[in-house]
Amino acid sequence: MMDVGRHPRIELMTFSEVESVTGYVGNFQVTVRKKARYVDASECTACAECSKVCPVAVPDEYQQGFSSRKAIYLPFPQAVPSAYILNMENCLGNNPIACGKCAEVCEKKCINYDDQDELVKIEVGVIITATGMQVYDPTEYDEYGYTRYENVITSMEFERLICAGGPTEGHFIRPSDRRAPQTIGFIQCVGSRSRDGRGNPYCSNICCMNTVKDTLLLCDHYPGIEAKVFYMDIRAFGKGFEDLYMRSKEEGVRYIRGIPGEVIENPDTRNLTLTVENTTTGRLEKHELEMIVLSQGVIPRQDGDSIRKLLTLSTTSDGFIMESHPKLKPVDAPTRGIYLAGCVESPKDVKDSVTQASAAAARASILLNAGKTKVEAITSQIDTDKCNYCGICAKVCPYNAILAPDRKAEKAPIIIQAACAGCGACAAECPQDAITMRHFTDEQMMAQIEAILEVEPHKHLLTFACNWCSYAGGDDAGTARLQYPTTCRLIRTMCSGRVDEKFVWHAFRLGAPIVLVSGCHFSDCHYISAVRWTQKRMDRMWNKLDKLGIRPERLRLEWISAAEGQKFAKVMREIEDAVKAVTTEEIEFTMKVLAEEEAKNKAKKEKRKAKAAAEVTA
Amino acid sequence: MSDNTKVQETEKHQVNFAFREKLNSIAEGFRHNYCYQCGACVADCPAAYYSESFNPRLILLKAILGFEDELVRPDSEIWDCTNCYTCSERCPQDVRPVDVIIALKNLCVKEGKAPPLVRTISDTVLDSGITTKVTSLTERRRQELGLPPVKSYPVEDLKTMLEGD
């Protein structure tokens with residue numbers, strides 16, 4: 001951090017919050033709130049005189065509350081910039097009767113009680129999100145007594161107690177009597193790998209090796225200490241990790257496979273007793289320990305939602321930010337020009353964070369050095385003459401690539417070509433048909449539908465398949481030589497969100513027995529959330545089919561991923577039977593009803609047009 | 001050990017998929033198959049504390065492997081469970097060992113493999129609505145203590161309710 005702070009071409013803004021982000025790749029406008037720190041950081045020499053006279057003492061957050069700090073303080077010894085900061089919530093204020101002592105002793109006169117937050121506007125080309133994570137609070141696990149017993153601590157607190165810069169200067173003592181413990185237990189997976197509503201279902205990745213490291217530190221500092229680790233699985237999967245684990249075992253640390261039950265404290269000795277089944281022997285064991293460390297898991301930042309909304313990012317079910325592709329684009333966010341690094345994406349250790357950060361920096365520099373970006377020629381385009389300023393396109397765009405229209409000013413929406421990814425949700429939703437998707441135009445789609453249903457339409461299954469998942473799923477079925485009926489005819493769209501209602505109606509009008517729309521599963525939509533609009537549109541169409549007296553089952557929706565060739569073949573086989581079950585009368589009835597419906601709509605439109613024309617002449 | 005008995009041994013310890021399916025259908029689906037044998041259910045189990053043979057973790061393991069012969073029998077260890085639900089509270093995987101054990105107990109009763117005592121108790125409940133028989137001794141002691149006689153319960157209603165299942 002010191003190096004970053006000193007670098008001539010890096011501007012480090014600490015104690016600042018991002019207020020808003022607008023724009024798109026290469027042209028982001030970011031507003032940053034530089035919070036008032038009430039001390040001029042460029043003048044402060046960190047002489048600590050102010051802190052000495054400050055009468056307020058509050059628990060030190062950095063030391064996990066084990067020691068206290070003043071209202072004017074240095075957050076931690078290596079803080080960058082190396083300048084004091086005044087917490088106004090703790091400060092007594094500058095009223096001379098109340099206090100004002102720090103300003104009196106400051107030789108540099110750099111304390112300003114009237115400091116204000118400052119809004120800074122910056123323009124950047126790319127953004128790397130590295131907002132980190134938080135640790136899990138084990139209060140929920142009441143059986144371990146974290147809130148009741150002083151000698152039950154978390155691994156974060158352990159870190160402060162064993163650190164040379166910690167409140168005890170590295171002397172490891174237990175909180176109740178400030179004595180070095182002789183026996184210590186570690187309980188693993190507190191808040192991780194848990195599906196019962198307490199904690200999180202995922203593995204937190206770092207806690208196993210953190211505990212192994214902790215036991216080695218203890219054995220190194222206090223030879224002869226008896227350390228026991230209660231675990232269900234030790235996941236030592238990285239380079240050199242297994243060696244470290246074995247070294248810990250060689251040092252005499254006991255690894256006991258079993259998750260303990262209730263922890264009970266002896267009120268006289270303040271020692272803790274826990275019962276555990278040693279699952280390797282199948283016996284119940286009781287262990288008396290002087291101290292217990294809960295190996296807490298990690299959770300996403302609880303205030304991360306604001307960043308997520310600002311950058312239109314989505315999260316996975318565990319709350320961490322979703323990457324663009326789990327294997328091929330692990331550091332890219334789905335929104336172009338935004339990259340991820342570190343624990344904001346998933347729990348990871350220092351090495352993995354550094355790796356990801358380096359990758360993100362390299363990915364970012366590709367864009368920055370080129371100075372321009374290539375956009376695939378499949379973006380959307382708007383015909384401003386047809387637009388009636390309803391603003392639906394801006395609402396459905398998952399990338400915020402469409403600037404909303406202004407009805408009063410008759411300002412049509414603007415599509416930012418650099419930000420558009422080409423899903424086509426806007427074109428499908430536009431009630432005026434004012435949006436054209438390049439290379440997936442309405443005319444092209446209609447022509448494909450007509451060609452498929454030209455000969456013997458009742459024998460063909462018309463399928464809309466999205467480029468990334470379902471079309472690739474079909475490929476997968478093909479390369480795996482899976483057998484499925486030959487009746488299906490695929491129309492490729494970039495996203496299932498492109499499938500306009502009118503395509504489906506057109507297909508039914510031309511005598512299609514069944515229409516299948518298929519796309520990516522909800523969680524792996526390649527266009528952030530465009531697939532949700534598919535679902536909404538399908539619901540609408542099923543309703544309409546029902547109202548018109550047509551079986552809604554004739555319009556099918558299936559989520560098929562690129563790896564689900566098996567499912568693709570299975571769905572095709574299933575639908576083949578359904579295609580055969582559709583009778584000629586049914587198809588004729590559908591064609592008739594839909595033709596009537598279309599004629600009615602046309603007449604209505606004509607009438608409206610005539611009326612408008614009459615108004616103009618009048 | 002002859003080769004013959006060896007083969008029998010392995011057959012006995014082969015995974016019985018049919019029994020697994022059967023148990024899945026009565027024990028609220030697939031949930032208990034998520035058990036990763038961490039032993040959290042054993043540490044605070046009062047039955048395991050007093051009986052060395054009782055171990056909810058091993059019962060779950062046997063259930064997952066489908067060891068029907070060892071679980072569904074009158075002297076099976078499942079009958080030591082006190083239904084206190086501590087294991088369900090501790091389990092990180094939401095396996096609910098008690099529910100599996102109750103399902104196994106029901107299976108035992110259905111197949112007539114429950115211990116005789118269970119039959120006696122359930123008969124008493126059907127006859128009188130309570131689990132313990134009221135004897136003349138009970139009545140006498142109650143009279144001595146100045147307590148009213150044990151009131152009778154609407155057993156017919158109870159029977160109607162139970163028939164519904």
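**Entry 1: chain B.** I started with the distance between the two domains of chain B: the C-alpha centres of domain 1 and domain 2 lie 31 Å apart. The model is a predicted one. I then looked up the bounds, and found that domain 1 of chain B covers 8-110 and domain 2 covers 116-163.

**Entry 2: the contact.** Next I turned to where chain A meets chain B. I noted 20 residues from chain A and 19 residues from chain B in the contact. The two chains bury about 1600 Å² between them, and carbon and sulfur atoms give 46% of that area. On the side of chain A, the residues that lose the most area to chain B are A:Arg195, A:Glu277 and A:Leu284. Together these three make up 33% of what that side buries.

Entry 3: I looked up the one between A:Glu277 and B:Arg57, where the closest N and O atoms are 2.8 Å apart. A:Glu277 is also among the residues of chain A that lose the most area to chain B.

**Entry 4: the side of chain A.** Which strands of chain A each supply at least two residues of the side that touches chain B? I noted strand E15 (272-278) and strand E16 (283-289). E15 of chain A gives the largest share, three residues. Last, I sorted the residues of this side by type: nine are charged, six polar and five nonpolar.

Definitions and conventions:
Residues are numbered from 1 along each chain as its sequence is written. Chains are lettered from A and ligands numbered from 1 in the order in which they are written. This is a predicted model: local features need pLDDT of at least 70, side-chain atom pairs count only at pLDDT 80 or more; totals for chains, interfaces and linings use all residues. Side-chain values use heavy atoms; hydrogens and water are left out. Domain bounds come from an automatic or database domain assignment. Contact means heavy atoms within 4.5 Å. Buried area is the accessible area (1.4 Å probe) that two parts lose on being put together, summed over both. A salt bridge is a side-chain nitrogen of Lys or Arg within 4 Å of a carboxyl oxygen of Asp or Glu. Helices (H or I, at least four residues) and strands (E, at least two) are DSSP runs, numbered from the N terminus. Ala, Val, Leu, Ile, Met, Phe, Trp, Tyr, Cys and Pro count as nonpolar, Asp, Glu, Lys and Arg as charged, and the others, Gly among them, as polar.
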